[in-house]
Amino acid sequence: INTPSDTANIRISQLFSPDGTADGPFGKELTYRFIDSGQYFITINENKMIGNHYTGSYEVEIIPI
C-alpha cells in the first residue's frame, strides 16, 4: 500500500482466498504466494489499535515476483 505519508494509519486487513478462507491482518506490505486459481479479495482498513484516523488517498500495487 502506497500513501502520500509514511505515517498513514492504514494496512492490509484481510486477504480472502478463492476457497473462502481468510488470513490477516498484515501491515502495509505483504509477500504472498497465490497457489489456488480464482479471485482473491483484500480489505484495506485502519489499524484501530493505533488510532490516528486516516482519511487520505492510497494506492494498492501488486508486483509479481
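These exercises walk through a predicted model, each with a worked solution.

Local features need pLDDT of at least 70, side-chain atom pairs count only at pLDDT 80 or more, and totals for chains, interfaces and linings use all residues. Residues are numbered from 1 along each chain as its sequence is written, and side-chain values use heavy atoms, with hydrogens and water left out.

**Exercise 1. The hairpin**

Find the residue with a positive phi in the hairpin of S1 and S2. Then place Asp19.

Solution. 
- Asp19 sits in the loop between S1 and S2.
- Check its cover. Buried means under 20% relative accessible area, exposed over 50%, and partly exposed in between (1.4 Å probe, protein chains only). Asp19 has 52%, so it is exposed.
- Now look across the model. Asp19 and Thr55 are 36 residues apart along the chain, and their C-alpha atoms are separated by 32 Å.

**Exercise 2. Thr3 and Tyr58**

Is Thr3 buried or exposed? Which residues is Thr3 in contact with, leaving aside neighbours within four places in sequence?

Solution. 
- Thr3 lies in the segment before strand S1 (11-16).
- Its relative accessibility is 16%, so Thr3 counts as buried.
- Contact means heavy atoms within 4.5 Å. Thr3 is in contact with Ala8, Ile10, Lys28, Tyr54, Ser57 and Tyr58.
- Follow Tyr58. This residue is in the segment after strand S3 (41-45). With a relative accessible area of 42%, Tyr58 is partly exposed.

**Exercise 3. The aromatic rings**

How many aromatic pairs does the count give?

Solution. 
- Apply the rule. Rings of Phe, Tyr and Trp (its six-membered ring) pair if their centres lie within 6.5 Å; planes under 30 degrees apart count as stacked, over 60 as edge-to-face and the rest as tilted.
- The count comes to two aromatic pairs. Phe34 and Tyr40 have ring centres 4.6 Å apart and planes at 75 degrees, so this pair is edge-to-face.
- Ring pairs link Tyr32, Phe34 and Tyr40 into a cluster.
- Phe34 has 48% relative accessibility, so it counts as partly exposed.

**Exercise 4. Met49**

Where does Met49 lie? How many residues separate Met49 and Ile10 in sequence?

Solution. 
- Met49 lies in the segment after S3.
- Its relative accessible area is 81%, so Met49 is exposed.
- Met49 and Ile10 are 39 residues apart in sequence. In space they are 11 Å apart, C-alpha to C-alpha.

Conventions:
Helices (H or I, at least four residues) and strands (E, at least two) are DSSP runs, numbered from the N terminus. Two strands pair if DSSP finds at least two bridges between them.
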